[in-house]
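Visitor: Could you take me on a close look at the cavity in this structure, and at what surrounds it?

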Amino acid sequence: MQNVPTIIAVANQKGGVGKTTTAVNLSCALALLGKAVLIIDSDPQGNASSGVGIRPGKTERHLYQTLCGETPADEVIRDTEVTNLSIIPATIDLVAAELELINENLRERFLKNTIQSLTGSFDFIFIDCPPSLGLLTVNALTAAHAVLIPMQCEYFAMEGLAQLINTIRSVKKSYNPDLFIAGLLLTMFDTRNKLSHQVSSEISHHFGDQVFNTIIPRNVRLSECPSHGQTIMQYDQKSTGAAAYTALANEFLHRQR
């Protein structure tokens, strides 16, 4: 019997909340714990791709080709320098894909159909969504089993969250009835900042056990590692950022049981 991977969309239409940082580093932490993990970079900016050492524009095989039916998904997968961690990279061509698919029948299901062939190859598939609620994000939500929502510990953290949750409900109603929220993750937490504590308390009050206990701190090393094409575990495994994502991986696995 083939293993069916758990597919997680990492989504938040608000930019700068640690979405790609979470997709890349949680995936890496799970891979280091022995899980076979695939990242699907569904953001035309390609930040998840460059975050694992694959520079946008430097790859001949990428997600656009798969969504448009040119190349099977298993032929665009790239290995990374982290054992057990692979990626389907993105390029700016994905902008064209969103425009080209808009008039297609069943346009919300292209990504789901694309990755069905990967059953048995991975334990987890993480889809890094663009910072919008467009067709690429709807495709990710339609393909996923669950959504992980990173939220920055700042005043406007809950701004737009209602819109995202409404989109999740719409996708659940129309395309993916089993979709659920895997959890809300608080990111960029500054222990010296009173506002961070206030935002954390308010979000926990509203969402209860849907909020991960693990909180990702504001950490310079986390900010630096993407420019080196490395995950935080490769760049500085002794940093507080690496410790936080390792703790998140363990909590994430515990929640899967």
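Guide: Let's start with terms: on a 1 Å grid over the protein atoms alone, a cavity is a set of points where a 1.4 Å probe fits but cannot get out, and lining residues have an atom within 4 Å of a point. Bear in mind that this is a predicted model, where local features need pLDDT of at least 70, side-chain atom pairs count only at pLDDT 80 or more, and totals for chains, interfaces and linings use all residues. Residues are numbered from 1 along each chain as its sequence is written, and side-chain values use heavy atoms, with hydrogens and water left out.

A search of the whole structure turns up one cavity of 30 Å³ or more. The space in the largest cavity comes to about 30 Å³, a volume being the space filled by probe spheres set on the points, with grid points joined across faces, edges and corners. Around the largest cavity sit Ser42, Leu67, Leu111, Leu136 and Asn139. Sorted by class, that lining has three nonpolar, two polar and no charged residues (Ala, Val, Leu, Ile, Met, Phe, Trp, Tyr, Cys and Pro count as nonpolar, Asp, Glu, Lys and Arg as charged, and the others, Gly among them, as polar).

Now pick out Leu111 from that lining. Leaving aside residues up to four places away in sequence, Leu111 touches Ile40, Leu63, Leu67, Ile127, Asn139, Ala140 and Ala143; contact means heavy atoms within 4.5 Å. Leu111 also belongs to the largest nonpolar core, which has 47 residues, and is listed with Ile40, Ile149, Leu184 and Ile203 as touching the most other members. Such a core is a set of buried Ala, Val, Leu, Ile, Met, Phe, Trp, Tyr and Cys residues joined through side-chain atoms within 4.5 Å, and buried means under 20% relative accessible area, exposed over 50%, partly exposed in between (1.4 Å probe, protein chains only).

Next, have a look at Thr137, in helix 6 (residues 135–143); helices (H or I, at least four residues) and strands (E, at least two) are DSSP runs, numbered from the N terminus. Thr137 counts as buried because its relative accessibility is 1%. Its side chain reaches the backbone oxygen of Ser132 at 2.8 Å. Setting aside residues up to four places away in sequence, Thr137 touches Cys129, Pro130 and Ser132.

Methods. A polar contact is a pair of N or O atoms within 3.5 Å; within protein, one must be able to donate a hydrogen and the other to accept it, and residues adjacent in sequence count only if both atoms are side-chain atoms. On a 1 Å grid over the protein atoms alone, a cavity is a set of points where a 1.4 Å probe fits but cannot get out, and a pocket is an open set with protein on both sides within 12 Å along at least five of seven lines; lining residues have an atom within 4 Å of a point.
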